[in-house]
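Hello,

Here is the structure for your review. My notes follow below.

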Amino acid sequence: ARAEMAGQDRFICIYPAYLNNKKTIVEGRRIPISKAVENPTATEIQDVCSAFGLNAFLEKNKMYSREWNPDAQYRGRVRVQLKQEDGSLCLVQFPSHKSVMLYAAEMIPKLKTRTQKTGGSDQTLQQREGGKKGKGKKK
């Protein structure tokens with residue numbers, strides 16, 4: 001049965017809830033709290049994945065099934081391609097769903113929008129959207 005799934009199988013889904021340190025495991029967090037991020041957004045997840053060279057795209061209007069908050073900042077999910085047509089990995093650094101989640105959670109706090117943020121408001125995110133494409137300081 002895995003063969004028919006191959007198309008979907010190459011793209012994993014990441015919902016912001018998976019990386020959110022404000023959520024419990026029951027509410028959908030999938031990585032240790034020590035590595036999780038405060039209220040990550042789907043846009044941020046897509047940003048860090050794309051910056052690394054992963055094929056990641058945003059599905060803005062998808063809602064995580066366990067997310068009760070209808071606010072736009074909690075909406076959206078990211079699809080990330082892990083494998084090529086032939087089943088080989090796109091990037092050897094990311095063999096699994098979890099490896100991508102941990103990477104995203106590690107990088108999101110380093111985003112410019114995060115490091116410049118003082119208050120807890122997400123309003124500033126929209127206006128800065130244009131200026132953060134060229135963050136090439138990858139180690």
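Helices (H or I, at least four residues) and strands (E, at least two) are DSSP runs, numbered from the N terminus.

The model is predicted: local features need pLDDT of at least 70, side-chain atom pairs count only at pLDDT 80 or more, and totals for chains, interfaces and linings use all residues. Numbering starts from 1 along each chain as its sequence is written, and side-chain values use heavy atoms, with hydrogens and water left out.

**Confidence**

pLDDT is the predictor's confidence in each residue, from 0 to 100. The chain has a mean pLDDT of 83, and 77% of its residues reach 70 or more. Two stretches need care. Residues 1–6 stay under 50, with 1 contact (heavy atoms within 4.5 Å) beyond four places in sequence. Residues 120–139 are also below 50, and the model gives this stretch 21 contacts beyond near neighbours in sequence. Where pLDDT is low, the predicted coordinates should not be read in detail.

**Layout**

The chain has 5 helices and 3 strands. From the N terminus the order is α-β-α-β-β-α-α-α. Of the 139 residues, 41% are buried (under 20% relative accessible area; exposed is over 50%, partly exposed in between; 1.4 Å probe, protein chains only). Take the contacts between residues at least 6 apart in sequence: 61% of them join residues at least 24 apart.

**The α2/α3 pair**

The axes of α2 (residues 42–52) and α3 (residues 97–107) come within 9 Å and cross at roughly 105 degrees. That makes α2 roughly perpendicular to α3. The classes are: under 35 degrees roughly parallel, over 145 roughly antiparallel, 65 to 115 roughly perpendicular, the rest oblique. Axes are lines fitted to C-alpha atoms, for helices over the stretch in contact, and angles run from 0 to 180 degrees between N-to-C directions.

Which residues meet here? From α2 come Ile 45, Val 48, Cys 49 and Phe 52; from α3 come Val 100, Tyr 103, Ala 104 and Met 107. The contact holds 8 nonpolar residues, no polar and no charged. Here Ala, Val, Leu, Ile, Met, Phe, Trp, Tyr, Cys and Pro count as nonpolar, Asp, Glu, Lys and Arg as charged, and the others, Gly among them, as polar.

**The core**

A nonpolar core is a set of buried Ala, Val, Leu, Ile, Met, Phe, Trp, Tyr and Cys residues joined through side-chain atoms within 4.5 Å. The largest one has 28 residues; Ile 14, Leu 19, Ile 45, Val 80 and Val 100 touch the most other members. β1 (11–14), α2, β3 (77–81) and α3 each give two or more residues to this core. α3 gives the most, with 6 residues.

Leaving aside neighbours within four places in sequence, Val 100 contacts Ile 12, Ile 14, Cys 49, Leu 54, Val 80, Leu 82 and Phe 94. The buried residues of α3 pack against β1, α2 and β3.

**The loop between β1 and α2**

Pro 40 sits in this loop. At 2% relative accessibility, Pro 40 counts as buried. Not counting residues up to four places away, Pro 40 touches Pro 16, Leu 19, Asn 20, Ile 108 and Arg 114. Pro 40 and Ala 105 are 65 residues apart in sequence, yet 8.1 Å apart in space, C-alpha to C-alpha.

Asn 39 is in the loop between β1 and α2 too. Asn 39 is not a glycine, but has a positive phi of about 40 degrees.

Regards
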